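Biologist: Can you walk me through this one? I'd like to start with the loops and then look at the helix packing.

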Amino acid sequence: MHGTVRYAALALAVAACGGPVTGPRPVAARLANPATTLNQLQAISAVTNTPLFESFTVLAPRFTPASATGSVALALALDFAARYSRWRRSEPRTAHHRVPTPSATAPASSPGTTFVWDPDTSGYIASADSGAPANGERFVLYAISQRSGLPSVPVAPIGYVDLTAPAPDSSGTGVTLVGTPAGAPATTYASYSVATGAASATTLVGFVTDGTTRLELDVRSDSTTTPGALTVISAIAVPTQNVQVSESVTVSGGDTARMTTDLRLASDGETVRATGDVTIDTTSRIGSGQMTVSVNDCAFATITLGGPDLVFDPAPGVTLSTDDETTLRALFSTSFELYGTERVLLIPVPFSTTWRGGERRTD
């Protein structure tokens, strides 16, 4: 009986991959349209590949004292996303892809205050500027110098971030990212709420956009599910691309960081899944490991990391085209970039930061 059940399950699995158990050789797994999948991945990446988000990535660690701890895994994720992304390989590395570096000090909380950049101290200082929310604070964002990785001098404001305390009948610190281009109206490019629950579980709900593609985010970060590790689970909707993305990433280790990833991209009846297990030396930033990719639960390819570049090996019966390999590269890059994006969005509201009486405090 058990053998019959196992055979039936095998038959269903093989049939699902394109053919019967007996008779003609099953059709191998394939991407229905690799160019479409690539365009979807590029659109997702473009959301955070903007000067405004670059400024946010560089400057957010300097908003609050608790941000000063930084994250090695975050830096590695951003580095890997940039290093192996096909559409960025010919472009200069920007400050967005560098380690978010905190300042030695950060401004004390002051509700209703707008904080501006002081080139003399390389940090934020309180100003007399108006516009900050009464129940929070505003931090002005600036164009970043590619030479220094800090705001260019003279400073050139391009937007701001508002951090707001939760209302009495709600929970979660509000974060709003607004762009203020010269001669154009202010535009909101991110708005989300971060709440810390029991047992160090942190949730993030909201959106981020580049003005064209919008990512609807529902993220949970938890350091208790796996001892000594941080797990981030996310569900992302991309309405303009007709895509649903889900990802689970677990990061552990010290001098050597281990990142296990499970990314699923579903669109028009096709589900592409990429599961990776990568180990990275945090000093040399050299990584090794593999990522296996399936299409509708059928093995498609293996991506191997361990040399100067990625190596793509097709699953049995699969022939990889140049377009397939380009899409696989983008899939590898996106799996790290999404984790990095979610961790960047959490930076302004560290786990140890709370609001009491409308004032930001670090416990």
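This is a predicted model: local features need pLDDT of at least 70, side-chain atom pairs count only at pLDDT 80 or more; totals for chains, interfaces and linings use all residues.

**Loops, helices and core**

Biologist: Where does D268 lie?

Modeller: D268 lies in the loop between β11 (256-267) and β12 (270-281). Strands are DSSP E runs of at least two residues, helices are H or I runs of at least four, and both are numbered from the N terminus.

Biologist: What about the phi of D268?

Modeller: Phi of D268 is near 50°. That is a positive value in a residue other than glycine.

Biologist: And what is the phi of D297?

Modeller: D297 has a positive phi too, near 70°, and is not a glycine either. D297 lies in the loop between β13 and β14. D297 counts as exposed, at 68% relative accessibility.

Biologist: Where is N296 placed?

Modeller: N296 is in the loop between β13 (287-295) and β14 (298-305). At 35% relative accessibility, N296 counts as partly exposed.

Biologist: Which residues is N296 in contact with?

Modeller: Leaving aside neighbours within four places in sequence, N296 is in contact with G269, E270 and T271. Contact means heavy atoms within 4.5 Å. N296 and V272 are 6.4 Å apart, C-alpha to C-alpha, and 24 residues apart in sequence.

Biologist: Where's the cis peptide bond?

Modeller: The cis peptide bond joins V153 and P154, with omega about 0°. P154 sits in the loop between β3 (136-142) and β4 (157-164).

Biologist: Helices now. How do α3 and α5 pack?

Modeller: Helix α3 (residues 51-59) packs on helix α5 (residues 322-346) at about 60°, with the axes 9 Å apart. Axes are lines fitted to C-alpha atoms over the stretch in contact, and angles run from 0 to 180 degrees between N-to-C directions.

Biologist: Which residues meet there?

Modeller: F53, F56 and T57 from α3 meet T341, V344 and L345 from α5.

Biologist: How many of the residues in α3 are buried?

Modeller: Eight of the nine residues in α3 are buried, so the helix is mostly covered. Among them are L52, F53, E54 and F56.

Biologist: Then how does α2 sit against α5?

Modeller: The axes of helix α2 (residues 34-46) and α5 come within 9 Å and cross at roughly 25°. The α2 side of the contact includes P34, T37, L38 and L41. T327 and A330 are among the α5 residues they meet.

Biologist: What is T327 in contact with?

Modeller: Beyond four places in sequence, T327 is in contact with L31, P34, T37, L38 and L41. T327 lies in α5 and is buried, with a relative accessible area of 4%.

Biologist: Last topic, the largest nonpolar core. Which residues touch the most other members?

Modeller: F56 and F300 do, out of 82 residues. α5 gives the most to this core, with 10 residues. A nonpolar core is a set of buried Ala, Val, Leu, Ile, Met, Phe, Trp, Tyr and Cys residues joined through side-chain atoms within 4.5 Å.

Biologist: Which residues is F300 in contact with?

Modeller: Beyond four places in sequence, the contacts of F300 include A29, L31, V293, V318, L320, D324 and L328.

Key: Residues are numbered from 1 along each chain as its sequence is written. Side-chain values use heavy atoms; hydrogens and water are left out. Buried means under 20% relative accessible area, exposed over 50%, partly exposed in between (1.4 Å probe, protein chains only).
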